Amino acid sequence: MPNMANDWNAVRYQLDKSANFAEITNSPWYSDATYDKFSDAEFATRHALARDIMTRDGLDAIILCGSPNIYSLGSGVTWGCGLIDARGMAQYMVLPRQGEPTLIYPHPGCHIEAARKMVSIRDVRGGQHGHYGRAVAERLIELGLQTGRIGITAADRTGPEYMGVNAYQEMEKHLPQAKFVLLPLLFHELTHRKTPEAIRAMARAGEIAIKAQEAVVAKARPGVREYQLAAAATNAILDNGGQVHLMMIGSTSMEDPRLIFPNPDPSARVLGKGDIVLCEIACAYMGYSAKIGHPVSIGRPTDRYNTFFKEVLVPGFKAINGELGPGKPLENVRKAASTAFRGRGAQSRPIVMHGIDLITSLPFISVDEVRGEPYDLVMKPGMTYSIEITPVSTDGTFGIFFARTFAITETGVTALVPFPIDEILVAG
């Protein structure tokens with residue numbers, strides 16, 4: 001079954017016919033658009049790695065899945081071709097063991113031509129007005145994989161979730177003899193160690209995240225609402241070519257605190273003098289994310305908050321950070337975390353550090369456990385982590401969230417969000 005795109009040269013004088021406009025190709029539209037991209041060599045390296053795993057595991061092709069939601073942020077599709085797009089509950093890219101990869105793009109008409117300029121593969125096809133499974137099946141049939149063993153990566157690490165039910169049922173209908181295999185951890189295996197290009201993208205994400213944190217400080221003053229802080233930080237990210245991954249901002253009175261962690265949905269609460277603002281800001285650049293979280297006080301911080309920050313949070317953070325390095329086991333991080341705050345007269349949220357694939361991923365290191373795959377348990381060059389700590393008072397009434405992102409190198413650790421840590425930021 002061939003790809004049924006409409007050549008612009010054939011339909012350019014009859015674009016007002018719906019059938020002609022359904023899926024355009026070879027138009028001059030968006031030809032002057034520019035996007036930051038990874039090199040062709042980088043994508044060749046990624047595809048070769050995936051194909052090596054296909055050979056190892058007896059797979060004929062992989063359907064790389066992604067989603068615009070914050071538990072995915074494009075996932076396998078962004079990694080496989082560079083698409084960054086909010087359309088579709090899920091998105092799909094076919095990567096065969098032998099043959100050219102194919103992106104199934106959700107939206108027809110003009111939009112698909114813009115996508116072709118963004119991505120780094122040649123074969124970009126429409127999603128047939130939501131019949132994504134049929135479009136995927138047609139490509140697999142072209143490849144002669146009617147009876148193949150086809151892997152499906154998780155689009156969303158939470159669950160995990162893979163693809164839409166309708167898409168899966170359509171694939172089964174059109175490929176009744178194919179064997180579909182759900183692969184919840186394949187994407188993590190592909191991405192848990194970064195190339196130098198990916199690390200550079202994360203470092204740029206870290207630079208933009210700092211600008212977002214600084215925008216919060218510049219905006220914060222009595223009378224401003226939480227969502228206005230989020231707007232300022234979002235503008236800083238978009239204005240510098242980034243993508244918002246997480247934008248959690250909350251505020252409370254330092255005299256009567258009602259907050260230990262940033263608000264995942266910044267509210268209409270109005271800031272007042274004597275408030276503390278907690279932020280978790282994760283910024284992505286070319287799909288790869290970095291995170292910052294740093295408290296901001298409206299006016300000088302109270303003695304209670306300042307002492308807690310300097311005598312509990314900062315030394316606890318440094319104790320955990322001190323355990324990062326190539327060849328070190330994650331269990332060392334957990335052990336350091338187990339006394340980092342309890343040993344200073346406080347407690348904390350359980351989690352203290354997590355891995356990053358493109359976004360938050362395994363491994364998860366908590367005060368009481370380390371969760372990850374066997375290959376996760378010792379730090380190696382190219383692995384990346386966010387330390388995210390939330391020390392909390394012993395009575396549970398107040399706390400401070402704090403986060404930074406790091407990369408493991410051959411000789412040590414690189415801070416991907418190089419921002420001072422020793423003082424509460426003061427605004428207002």
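**View 1. Asp123, Arg125, Arg139 and Glu142 form a network of salt bridges.** A salt bridge is a side-chain nitrogen of Lys or Arg within 4 Å of a carboxyl oxygen of Asp or Glu. The structure holds 22 salt bridges. This is a predicted model, in which local features need pLDDT of at least 70 and side-chain atom pairs count only at pLDDT 80 or more, while totals for chains, interfaces and linings use all residues. Residues are numbered from 1 along each chain as its sequence is written, and side-chain values use heavy atoms, with hydrogens and water left out.

**View 2. Asp85 pairs with Arg87 in a salt bridge.** The N to O distance is 2.9 Å. Asp85 is buried, at 17% relative accessible area. Arg87 is partly exposed, at 34%. Buried means under 20% relative accessible area, exposed over 50%, and partly exposed in between (1.4 Å probe, protein chains only).

**View 3. Arg204 and Glu207 are joined by a salt bridge within helix α9.** Their side chains meet at 2.9 Å, N to O. Arg204 is partly exposed at 24% relative accessibility. Glu207 is also partly exposed, at 41%. Helices (H or I, at least four residues) and strands (E, at least two) are DSSP runs, numbered from the N terminus.

**View 4. Arg349 forms a salt bridge with Glu388.** The closest N and O atoms are 3.3 Å apart. Arg349 sits in the loop between β13 (347-348) and β14 (351-356), and Glu388 in strand β17 (residues 384-389), so the pair ties together parts that are 39 residues apart in sequence. Arg349 is partly exposed at 22% relative accessibility. Glu388 is buried, at 6% relative accessible area.

**View 5. Glu170 is buried without a salt bridge.** Glu170 belongs to helix α7 (residues 165-174). The nearest side chain of opposite charge, Arg134, is 5.4 Å away. For charge, Lys and Arg count as positive and Asp and Glu as negative; His and the chain ends are not counted. Leaving out residues up to four places away in sequence, Glu170 touches His131, Tyr132, Gly133 and Arg134. Contact means heavy atoms within 4.5 Å.

**View 6. Helices α9 and α10 cross with right-handed geometry.** The axes of α9 (residues 196-219) and α10 (residues 226-239) come within 8 Å and cross at roughly 145°. Axes are lines fitted to C-alpha atoms, for helices over the stretch in contact, and angles run from 0 to 180 degrees between N-to-C directions. A crossing is left-handed if the near helix is turned anticlockwise from the far one by less than a right angle, and right-handed if clockwise. On the α9 side, the contacts include Ile208, Ala212 and Val216. Their counterparts in α10 include Leu229, Ala233 and Ile237.

**View 7. Arg193 lies in the loop between α8 (186-191) and α9.** Arg193 is partly exposed, with a relative accessible area of 40%. Not counting residues up to four places away in sequence, Arg193 touches Lys380, Pro381, Gly382 and Met383. Arg193 and Ala407 are 214 residues apart in sequence and 9.7 Å apart in space, C-alpha to C-alpha.

**View 8. The structure holds zero disulfides.** A disulfide is a pair of cysteine sulfur atoms within 2.5 Å. For Cys110, the closest cysteine sulfur is 20 Å away, in Cys81, too far for a bond. Cys110 is partly exposed, at 25% relative accessible area. The sulfur of Cys279 is 14 Å from its closest cysteine sulfur, in Cys283, again too far for a bond. Cys279 is buried, at 0%.
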